[in-house]
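Grab a pencil and work through these exercises with the model on your screen. Try each task yourself before you read the solution.

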Amino acid sequence: IIQCIDLTTLNATDSPNSVLDFVTTGRNFLKERNLPDVAAFCVFSNYTALVKRALKGSNISTACVATCFPHGQASLNVKLEEVKDAKTQGADEIDVVINRGLVIDGDYDTVFNEIEQFKHVAGSTHVKVILEVCELSLQQVYKMSQLAIKAGADFLKTSTGKGVAGADLRASLVMCLAIKEHYQETGKMVGFKAAGGISSSETAIQYFNLIGKILGVKWQTNEYFRIGASSLLKNIVKDLS
């Protein structure tokens with residue numbers, strides 16, 4: 001599970017110094033305990049290049065959030081520019097957020113087209129599509145999971161971590177079922193990322209087991225499974241000791 005963590009800082013008070021310290025402290029924390037590396041460090045898009053330089057020579061990915069995170073409330077051109085900028089700065093992974101208001105209005109076509117363009121601009125850079133499941137019904141979560149996959153999402157992600165609630169096992173089950181159906185139809189594996197409120201080993205294991213049960217052991221690696229978290233790593237290490 002440690003190897004599947006996207007170690008995340010997305011605070012209003014983030015700065016170049018605090019982000020660099022976050023990355024350095026996180027890597028030292030793992031090295032001092034002879035633990036495997038996390039999958040990625042995830043930050044706001046304006047710190048992408050900084051993190052990329054700090055991780056040079058490692059196997060850890062540089063991830064960032066984009067498309068006017070956490071609300072997705074901006075014109076499409078503005079959101080596309082942020083994705084372009086993140087790619088130019090060297091992002092390995094870009095977590096994009098959808099406009100949930102459009103989903104609630106039933107304007108699925110616009111949301112689909114936006115995701116499709118996000119992926120087009122990102123190119124080979126992995127795109128994780130954030131649904132913000134606490135704001136949607138399970139039916140909407142299922143529908144958007146299907147559409148995001150068809151639009152080119154490399155990963156489905158539950159939450160921003162900034163909503164009224166975070167990851168939810170029921171919504172995650174629905175998302176995984178959509179991923180499974182797509183795999184059965186096409187043979188293409190799409191990843192799953194749980195984020196928001198996952199801080200204990202017990203909760204992390206629940207999501208790890210959910211992935212194994214619904215999607216299979218092939219998904220239980222950091223290539224296809226991630227947990228976005230800030231405090232989970234320290235709690236897992238504490239439980240291991």
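One term first: contact means heavy atoms within 4.5 Å. This is a predicted model, where local features need pLDDT of at least 70 and side-chain atom pairs count only at pLDDT 80 or more, while totals for chains, interfaces and linings use all residues. Residues are numbered from 1 along each chain as its sequence is written, and side-chain values use heavy atoms, with hydrogens and water left out.

**Exercise 1. Find where phenylalanine 41 sits, say whether it is buried or exposed, and list what it touches.**

Step 1: locate it. Phenylalanine 41 lies in strand β2. Helices (H or I, at least four residues) and strands (E, at least two) are DSSP runs, numbered from the N terminus.

Step 2: check the accessibility. Buried means under 20% relative accessible area, exposed over 50%, and partly exposed in between (1.4 Å probe, protein chains only). Phenylalanine 41 has 0% relative accessibility, so it counts as buried.

Step 3: look around. Leaving aside neighbours within four places in sequence, phenylalanine 41 is in contact with Leu7, Phe22, Val23, Gly26, Arg27, Val51, Leu55, Ile60, Ser61, Thr62 and Ala63. Take Val23 from that list: 18 residues separate it from phenylalanine 41 along the chain, and their C-alpha atoms are 7.1 Å apart.

**Exercise 2. Which residues have the most contacts inside the largest nonpolar core?**

Step 1: know the term. A nonpolar core is a set of buried Ala, Val, Leu, Ile, Met, Phe, Trp, Tyr and Cys residues joined through side-chain atoms within 4.5 Å. In soluble globular proteins, nonpolar side chains tend to be buried together.

Step 2: read off the answer. The largest core has 73 residues, and Val38, Ile94, Val129, Leu131, Met144, Phe192 and Leu233 have the most contacts inside it. Helix α5 (residues 108-122) gives the most to this core, with 7 residues.

Step 3: spot the other one. Another core, of 8 residues, lies apart from it, with Leu10, Ala40, Ala63 and Phe69 among its members.

**Exercise 3. At what angle do α6 and α7 pack, and which residues make the contact?**

Step 1: recall the method. Two packed helices are described by the angle between their axes and the distance between the axes. Axes are lines fitted to C-alpha atoms, for helices over the stretch in contact, and angles run from 0 to 180 degrees between N-to-C directions.

Step 2: apply it. Helix α6 (residues 138-150) and helix α7 (residues 169-186) pack at about 35 degrees, with their axes 9 Å apart.

Step 3: name the residues. From α6 come Leu138, Val141, Tyr142, Ser145, Gln146 and Ile149, and from α7 come Arg170, Ala171, Val174, Met175, Ala178, Ile179, Glu181 and His182.

**Exercise 4. Where are cysteine 68 and glutamate 132, and what is phi for each?**

Step 1: cysteine 68 is in the loop between β3 and α3. Its phi is positive, about 55 degrees, although cysteine 68 is not a glycine. At 25% relative accessibility, cysteine 68 is partly exposed.

Step 2: A cis peptide bond joins phenylalanine 69 to proline 70, with omega about 5 degrees.

Step 3: glutamate 132 is in the loop between β5 (126-130) and α6. Its phi is near 55 degrees, again a positive value in a residue other than glycine. Glutamate 132 is buried, with a relative accessible area of 1%.

Step 4: Glutamate 32 lies in helix α1 (residues 16-32) and is exposed, with a relative accessible area of 64%. Glutamate 32 and glutamate 132 are 100 residues apart in sequence and 35 Å apart in space, C-alpha to C-alpha.
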